[in-house]
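Have the model open in your viewer and a selection tool at hand. We will go from stop to stop through its aromatic rings and helices.

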Amino acid sequence: TPASWGARPLTWCLVLLKSLAPPSSTFEFATLVSRRPRPPGSPPLACICKQTPGLGLCWFEILLLDWLWRTNGRVTAVSPGLEQCLARSRKIVDRIDNDGDGFVTTEELKTWIKRVQKRYIYDNVAKVWKDYDRDKDDKISWEEYKQATYGYYLGNPAEFQDSSDHHTFKKMLPRDERRFKAADRDGDQTATREEFTAFLHPEEFEHMKEIVVLETLEDIDKNGDGFVDQDEYIADMFSHEENGPEPDWVLSEREQFTEFRDLNKDGKLDKDEIRHWILPQDYDHAQAEARHLVYESDKNKDEKLTKEEILENWNMFVGSQATNYGEDLTKNHDEL
């Protein structure tokens, strides 16, 4: 009951149920819950998770709350911040609707997702900037970054000599230096905010894409021949069990490798083929996500969304870049 939330007995009940439930029954429960309609006007379950201090709800606990919500029709006292969460949800939808006509189109959603992506990147740089700009000159030199990241390792090499960290640091230090130099466009060994952003998020900058390709090759190419063969490609996403069969999705990935990744059909991927795989020029991630969200939420199939259609399917939006994976539900209106 709502009054019981103060003493949190339901929380312990949820934890107990989670610990007792086997994976199969969890899956069956998730399937059952996903098919049941939520009462009209119900707030997003993600809001409950985000705005309930101290609960630390995992996905299974959210499903249990969802079940309570759908069967009882109300869980009104979960958190004092629930109404605030709902208000932020509505404001986000209003911001996405750029022309204010009451509908969200795929193009408006794509523009918003790109904006959220860009804001996340620059917010991330702002959060870590002070950790590296030690002399507070609004620039970060390679020496500043190196000392902040590897200073203890460089000053105490004996401590790492026999550990796996030694090999990690030995590999990552020259790799970071190479990436820093690529981001440092004027070659002065110092990064401006824009250059440091390119260093931390190279996939977002055209002049850094060769570094992204090279680092991907180095990560996956275990035999060091300068190519990625099919087994290396699979090993990057699946670890073989001894004498165990490969699951269907792995067999599907092998077909993907043969039919679509290996363009020249020589059994391995070179740098150009890796670039085509991880940085396809004809694929817009924001466009694809916007289309998916509209398709899944557009109940009347008019190729645009009302606020009601979006809020009815808000859990999907919380799991997307449109809300920065739910983080924007904790921000004030002027931060969006």
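Select Trp129, Tyr132, Trp142, Tyr145, Phe180, Phe196 and Phe199: ring pairs link them into a cluster. Rings of Phe, Tyr and Trp (its six-membered ring) pair if their centres lie within 6.5 Å; planes under 30 degrees apart count as stacked, over 60 as edge-to-face and the rest as tilted. This is a predicted model, in which local features need pLDDT of at least 70 and side-chain atom pairs pLDDT 80 or more, while totals for chains, interfaces and linings use all residues. Residues are numbered from 1 along each chain as its sequence is written, and side-chain values use heavy atoms, without hydrogens and water.

The whole structure holds 14 aromatic pairs. Zoom in on tryptophan 142 and phenylalanine 180, a tilted pair with centres 5.5 Å apart and 55° between the planes. Tryptophan 142 lies in helix α7 and phenylalanine 180 in helix α9, so the pair ties together parts 38 residues apart in sequence. Helices here are DSSP runs (H or I, at least four residues), numbered from the N terminus. Both tryptophan 142 and phenylalanine 180 are buried, meaning under 20% relative accessible area with a 1.4 Å probe, protein chains only.

Next, pick tyrosine 233 and phenylalanine 257. Their ring centres are 5.2 Å apart and the planes meet at 55°, so this pair is tilted too. Tyrosine 233 is in helix α12, phenylalanine 257 in helix α13, 24 residues apart. Tyrosine 233 is buried at 1% relative accessible area, phenylalanine 257 at 2%.

Finish on helix α11, residues 209-220. Its buried residues include Ile211, Leu217 and Ile220.

Notes
Helix = DSSP H or I, 4+ residues; strand = E, 2+ residues; numbered from the N terminus. Expected span 1.5 Å × (residues − 1). Buried < 20%, exposed > 50% of the residue type's maximum accessible area, 1.4 Å probe, protein only.
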